[in-house]
Amino acid sequence: MAERRSPAPLLFRRRSSGEIQNLATVSSSLLPAFGTIVDDGYLNLKNYIIAPYDRRYRWWQTFLVVLVLYSAWASIFELAFKRAATGNLTKVDLVVDGFFAIDIILTFFVAYLDKSTYLLVDDHRKIALRYVTRLWFFMDVASTLPFQLMFNNSRGKRPASEAFAFLNLLRLWRLWRVSDLFKRLEKDINFSYFWTRLLKLICVTLLAVHSSGCIYYWLAYNHKVSKETWIGSLVQDFKNRSIWLGYTYSIYWAIVTLTTVGYGDLHAVNMQEKIFEVFYMLFNIGLTAYIIGNMTNLIVHAAVRTFAMRDAINELLRYASKNRLPQGLSEQMLAHMQLKFKTAELQQEEVLQDLPKAIRSSIAQHLFHETVEKAYLFRGVSEDLIVQLVSEMKAEYFPPKVEILLQNEIPTDFYILVSGAVDVVTNTNGVEQSLSKLGSADLAGEIGVIFNIPQPFTVRTKRLSQVIRISHHHFKQMVQPHSEDGKKIISNFIQYLKGLKQDVLQEIPFLQEMLGDPSIEVCLTNPNSI
């Protein structure tokens, strides 16, 4: 029974040996099927077997793509311009065909992926049998045979000469390599998707222009009466003129017709040319639609967030107008909506929610761990508790002059200010009074959460501010198992309350009485009181 290898260990081996420069290359590697058992016995392929995702093999395939581009150009060019087929291009063709012959031999040593088990097969016999029994092998061989030499040797024998010239077009089969390369580049984050697609569209257009121009010239060259052809009516004795003169005329006609400009200086003269132009223009309709559709998608994709933002803002303005909301409240809603779209690229909630929890926690630790450590409430607590708290916190942005907390609202969350500044204000009998200002690493809303009372103050942003918040439920759930940390948090909280200004304490009448009671610290340091 043939031995099959899981591709997973090879992926690990590549990474450990330094062949993988970053984790992004995993996207181009093979993945094992679910349930595949990986053990040390599968760390290496058989001798003289190449992994299909091996870097050196990928570079070889990329080099062949360059040769494919030459083959696609030369095969059609040599069909139309027979004199070019007998010159230096013949030697280049033989060298290029030699490289593709080497690739055919290499293919017999490249492991393949079994679609039923999703495992790499490295058995020599199975690899060879799979290759030779498929169309790919026969087309690879046929496109590599030196038909150009046969064409040169058969000169003067018109039927054989034409047959070998057309067989030389089999080299166009190699274009599938270019298609595969573009598919891989489109998925590779190291390359811009926009420029990759644009380059693909340019290549398709150039191939269409080159092919149609050469075929049109071939029709004229093989017509019995030279003067009754599109180019013969303008250039006398064009068959004996420079090859590049004819090629220039051909490309000029192809571009003018493709772009539907149609100056009329070059036009079909005989019936064969008219039939070809009919099909070519029908083809141009499809090609133009393909190019315009792709370009439209690329451009619209870049502006889709702008469209979404404008639609959301228009809906919000209609809602505010319909419900006759105050001007100040409407402006706050508008500012918050604009900020939401501006900060979407920073928050990337849609992306983060698809990541494993461990990665999301690591991101949160990197961004907010230092800020939480500086907050007065968590000074001196264990590292474990801080890590747990940071993992459960959510980041938000608030624009200037927007309320984060409202006085007398039910406490559900408290906030730690990461950047920006906020005002703590109170409203008594319709008179608003500013009590204090908070900056980076300061807390807001913790008094209402810890005492479980309505929020005593309104907290309003002064400028663009970033905060992280945690819910009362999660906070209590994480602190209760850490009794010592709970005592430290309450001790920090009491010390903070004792340092509050008198005008702040007056807004919470029971605080003064509570802080004067010696037993209050013993009562609050019970973690269950949080």
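Modeller: A cavity is a set of points, on a 1 Å grid over the protein atoms alone, where a 1.4 Å probe fits but cannot get out; its volume is the space filled by probe spheres set on points joined across faces, edges and corners. The model is predicted, with local features needing pLDDT of at least 70, side-chain atom pairs 80 or more, and totals using all residues. Numbering runs from 1 along each chain, and side-chain values use heavy atoms without hydrogens or water.

Biologist: How much space lies in the largest cavity?

Modeller: The structure holds 4 cavities of 30 Å³ or more. The space in the largest cavity is about 60 Å³.

Biologist: Which element gives the largest share of the lining of the largest cavity?

Modeller: Lining residues (an atom within 4 Å of a point) include Tyr415, Ile416, Leu417, Leu443 and Val467. The largest share, 3 residues, comes from E6.

Biologist: How many residues of strand E6 are buried?

Modeller: Strand E6 covers residues 413-419 and is mostly covered. Buried means under 20% relative accessible area. In E6 the count is 6 of 7 residues.

Biologist: Which strands are at the edges of the sheet?

Modeller: The open sheet has 4 strands in the order E4-E11-E6-E9, with antiparallel pairing; a pair needs at least two DSSP bridges. E4 is joined to E11 by 5 bridges, with Tyr397 partnered by Gln466. Each edge strand pairs on one side only, and the two are E4 (394-398) and E9.

Biologist: Which residue of E9 is the bridge partner of Ile416?

Modeller: E6 has 6 bridges to E11 (residues 465-471), where Leu417 stands opposite Val467. Another 2 bridges join E6 to E9 (residues 443-444), running antiparallel. Both Ile416 and Leu417 are in the lining of the largest cavity. The partner of Ile416 in E9 is Leu443.

Biologist: What is the relative accessible area of Asn294?

Modeller: Asn294 lies in helix H11, residues 271-322. Neighbours within four places in sequence aside, Asn294 is in contact (heavy atoms within 4.5 Å) with Arg197 and Leu201. Asn294 counts as buried because its relative accessible area is 12%.

Terms used. Buried < 20%, exposed > 50% of the residue type's maximum accessible area, 1.4 Å probe, protein only. 1 Å grid on protein atoms, 1.4 Å probe; cavity = no way out; pocket = protein on both sides within 12 Å on 5 of 7 lines; lining within 4 Å.
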